[in-house]
Amino acid sequence: TLYVVQSQCEELGCFKIFPQETSVFHWTDASKPLEVCITLNDHEYSGNLRIDGIGEFNLRLKSITEQDSTILNVSISEEQNSFYIVFTDVSYAPPYRLENLTKTRFLVAQVKSRPDDFDHLKPF
């Protein structure tokens, strides 16, 4: 189950989208940022996502119970003046892979991510 909430509107509730289900989404509060955050069961919420432009990107959701994460492909298209947003689990074939073949340990983070949101790349 995918949970979608408008940024800064968590207290107003979230939209649940069950597997293989199609659902409508409406902004909870037009005065707040028109961005969403998403999560899955037992995962942290994503950062803020804009959903008002056509495109495709990948999103990593960290598990809160183990050292694992889920990678979702987010595809946004437009049809008859509506945006269609499709989330697909691509954890089985991540879009990138980092390997540390040095003797040094690295910390890796996405640009503009939270200060504590980084991964440890151990040597070899």
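User: Start with the rings. Which residues form one aromatic cluster?

Analyst: Phe15, Phe25 and Trp27 make up one aromatic cluster. Before going on, note that the model is predicted: local features need pLDDT of at least 70, side-chain atom pairs count only at pLDDT 80 or more, and totals for chains, interfaces and linings use all residues. Residues are numbered from 1 along each chain as its sequence is written, and side-chain values use heavy atoms, with hydrogens and water left out.

User: How many aromatic pairs does the structure hold?

Analyst: Two aromatic pairs. Rings of Phe, Tyr and Trp (its six-membered ring) pair if their centres lie within 6.5 Å; planes under 30 degrees apart count as stacked, over 60 as edge-to-face and the rest as tilted.

User: And what is the geometry of Phe25 and Trp27?

Analyst: The ring centres of Phe25 and Trp27 are 5.1 Å apart and the planes stand at 85 degrees, so this pair is edge-to-face.

User: Pockets next. How much space lies in the largest pocket?

Analyst: About 1400 Å³. A pocket here is an open set of points on a 1 Å grid over the protein atoms alone, where a 1.4 Å probe fits, with protein on both sides within 12 Å along at least five of seven lines; lining residues have an atom within 4 Å of a point. The volume is the space filled by probe spheres set on the points, which are joined across faces, edges and corners.

User: Which residues lie nearest its centre?

Analyst: Arg60, Lys62, Ser69, Tyr96 and Asp119, out of 37 lining residues of the largest pocket. The lining divides into 15 nonpolar, 11 polar and 11 charged residues. Ala, Val, Leu, Ile, Met, Phe, Trp, Tyr, Cys and Pro count as nonpolar, Asp, Glu, Lys and Arg as charged, and the others, Gly among them, as polar.

User: Which strands supply at least two residues of that lining?

Analyst: S4 (55-62), S5 (69-79) and S8 (119-121) each do. S4 gives the largest share of that lining, six residues. Strands are DSSP runs (E, at least two residues), numbered from the N terminus.

User: What about the second largest pocket?

Analyst: The second largest pocket holds about 890 Å³ of space. Its lining has 29 residues, with Ile17, Ser23, Ile85, Val86 and Phe87 nearest the centre. Two or more lining residues come from each of S1 (2-6), S2 (15-17), S3 (36-40), S5 and S6 (82-89). S6 gives the largest share, eight residues. By class, the lining of the second largest pocket has 19 nonpolar, seven polar and three charged residues.

User: Now the sheets. What is the strand order in the one with S1?

Analyst: S2-S1-S3, an open sheet of three strands with antiparallel pairing. S2 and S3 are the edge strands, each pairing on one side only. Direction ignored, neighbouring strands of this sheet are turned by 25 degrees against each other on average; the axes are lines fitted to C-alpha atoms. Two strands pair if DSSP finds at least two bridges between them.

User: How many bridges join S1 to its partners?

Analyst: Three bridges join S1 to S2, and five join S1 to S3. Leu2 has Ile17 in S2 as its bridge partner, while Val5 is bridged to Cys37 in S3.

User: Is S3 mostly covered or uncovered?

Analyst: S3 is mostly covered, with five of its five residues buried. Val36, Ile38 and Leu40 point one way from S3, and Cys37 and Thr39 point the other way.

User: What is the order of the sheet with S5?

Analyst: S4-S5-S6, also an open sheet of three strands with antiparallel pairing. Its edge strands are S4 and S6. The twist from one strand to the next averages 25 degrees. Eight bridges connect S5 and S6, and Glu79 stands opposite Ser82 in S6.

User: Last one: where does Gln110 lie?

Analyst: Gln110 is in the loop between S7 (106-108) and S8. Gln110 is exposed, at 66% relative accessible area. Gln110 and Ala93 are 17 residues apart in sequence and 19 Å apart in space, C-alpha to C-alpha.

Terms used:
Helix = DSSP H or I, 4+ residues; strand = E, 2+ residues; numbered from the N terminus. Axes fitted to C-alpha atoms, helices over the stretch in contact; angles between N-to-C directions. Buried < 20%, exposed > 50% of the residue type's maximum accessible area, 1.4 Å probe, protein only.
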